[in-house]
Amino acid sequence: RPGVPTRTHLATAMVEAGLVPNMATAFHRYLGQGKPGHLRSQWPAMEQVVGWVRGAGGHAVLAHPLRYRLSAGARRRLVAEFATCGGAGLEVVSGSNPGQAIETAAELACTFGLAGTAGSDFHDPNLPWNPLGRLAKLPARVKPLWTSALEHS
């Protein structure tokens with residue numbers, strides 16, 4: 001299959017080969033954190049990544065900030081650092097986030113002067129829990145990144 005292989009590709013291949021009954025089992029037994037098929041990621045510094053995005057003419061966005069296993073204080077520090085490094089936006093609406101998560105992300109975006117984005121978190125048409133195009137609306141108090149991007153182009 002084209003593109004960069006991900007754990008989802010590997011889980012699909014494991015199901016197709018009959019090694020596991022479903023994708024959830026593949027992640028639970030082999031691909032989740034601490035399992036034999038899990039690899040720790042080594043990330044470059046945030047300032048460097050934001051610089052790469054901006055240098056290529058893009059607008060850096062911090063994706064799904066409420067899905068990281070962080071305390072509220074650590075999350076605020078992460079978003080503050082991202083904004084200080086020149087980040088442009090925060091994914092406020094992500095997949096099937098509940099309303100409270102959207103409000104929390106909206107508050108972070110507004111507090112740190114970041115525009116908002118919405119992402120479906122869609123990865124595979126065979127995953128019925130997350131159909132393509134199902135999104136909540138961006139809260140009115142959050143300026144959409146696409147509006148900001150048009151103003152600066």
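The lining of the largest pocket in this predicted model divides into 21 nonpolar, 10 polar and five charged residues. The volume of this pocket is about 1,900 Å³. In total, 36 residues line the pocket. Closest to its centre are Arg 7, Ser 41, Trp 43, His 64 and Tyr 68. Several elements give two or more residues each to the lining. Four are helices: H1 (7-16), H2 (23-31), H3 (46-55) and H4 (72-84). Strand E1 (61-62) also belongs to this group.

Two of these helices, H1 and H2, pack against each other. Their axes lie 9 Å apart, and the packing angle is about 110 degrees. Angles of 65 to 115 degrees count as roughly perpendicular, so H1 is roughly perpendicular to H2. The crossing of the two helices is right-handed.

Residues from both helices make the contact. H1 supplies Arg 7, Thr 8, Leu 10, Ala 11, Thr 12, Met 14 and Val 15. From H2 come Met 23, Ala 26, Phe 27, Tyr 30 and Leu 31. Of the residues in this contact, nine are nonpolar, two are polar and one is charged.

Note on methods. Residues numbered from 1 in each chain as written. Predicted model: local features only at pLDDT ≥ 70, side-chain atom pairs only at ≥ 80, totals over all residues. Heavy atoms only, no water. 1 Å grid on protein atoms, 1.4 Å probe; cavity = no way out; pocket = protein on both sides within 12 Å on 5 of 7 lines; lining within 4 Å. Points joined across faces, edges and corners; volume = space filled by probe spheres on them. Nonpolar A, V, L, I, M, F, W, Y, C, P; charged D, E, K, R; others polar. Axes fitted to C-alpha atoms, helices over the stretch in contact; angles between N-to-C directions. Parallel < 35°, antiparallel > 145°, perpendicular 65-115°, else oblique. Left-handed = near helix turned anticlockwise from the far one by under 90°. Contact = heavy atoms within 4.5 Å.
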